[in-house]
Amino acid sequence: MPFNNHFNVKRFSCLLKQDLLINKTKYLLTLVGLGLVAYLLLYMFLNGSKDSMVRHDYSVNQNYTICFAFFMMAVGVVVGTAFPDLSDKIKTSNYLLAPGSALEKVMLQFLIRIGLFVPIALFVFWVAIRLAKASLVPGESGLDPALIPYFEFRFLVTRSDGEIWDIWQIVFMIFGFFSYGIYLFAGATYFKRYALVKTVIASVVIFLISMSFSVMLSHIFYPQETDGFKIKLKDYAVTEHLDSTMIFILYLALSSWLFFLAIAYFKLKEKEV
């Protein structure tokens, strides 16, 4: 069968076993190191914010969200360093000649770096931040840190007034993180040396170009209403709770990861030629 040339379950399982056999120590040390560093940094941050978190309910969500954002940056580093053999010319040749199709190699890295690592990393964060909170002791103010609620993931999608975000906002956040992770993942196949750094810089450049282009269009179509670098957008109600801008950014979050995943496959396929 032609598809068997691109993907074979037995060949993929052998590739997975080989990768785990070679890199299991590295993966384990990465998780342990991530957990220890996360605990220490989270403790330091929460210790400096504990009085505010005791006094103000909104500060609980705010500080937990900051902790989560920085932790996800560390997770992004692991995801963005996929395909480590592609950073060296000799290793790249050996990697491309190894048994397995380009699709299987992309799926393997996707499975390990995102399918397995990200859920485990989220669990590590949950444990680390709860341990960090449990380690807090009263400071000079005398306020008891025990009054601070333990971290729950619902705090990340809770407003300052205690209300949960709208469904579209939660979906946008989840797929936004996921799509940017796949973007970093794809960057590892696009760039050779310092792929992660170049991928992040490229995202900043793309964002600035997009914003500049939007400002230019705003000045062209709405010259009277546009001032300086402000962007004038006309929103149209599409549903009772969503306007055109919301649907557009939600569509980008939901679909862009497919585009970046395709780039990862075709760039790796290109290297085999």
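## Ground rules

Numbering starts from 1 along each chain as its sequence is written. Since this is a predicted model, local features need pLDDT of at least 70 and side-chain atom pairs count only at pLDDT 80 or more, while totals for chains, interfaces and linings use all residues; side-chain values use heavy atoms, with hydrogens and water left out.

## Helix 4 against helix 7

Helix 4 (residues 102-134) packs on helix 7 (residues 244-272) at about 135 degrees, axes 9 Å apart. Helices here are DSSP runs (H or I, at least four residues), numbered from the N terminus. Axes are lines fitted to C-alpha atoms over the stretch in contact, and angles run from 0 to 180 degrees between N-to-C directions.

## Two positive phi angles

Most residues other than glycine have a negative phi. Phe 83, not a glycine, has a positive phi of about 50 degrees and is found in the loop between helix 2 (57-80) and helix 3 (89-97). Tyr 194 also has a positive phi of about 50 degrees, in the loop between helix 5 (167-190) and helix 6 (195-221).

Buried or exposed? Phe 83 is buried at 2% relative accessibility, whereas Tyr 194 is exposed at 59% (buried is under 20%, exposed over 50%, partly exposed in between; 1.4 Å probe, protein chains only).

## Cysteines

Cys 14 is partly exposed at 44%, and Cys 67 is buried at 5%. The whole structure has zero disulfides (cysteine sulfur pairs within 2.5 Å).
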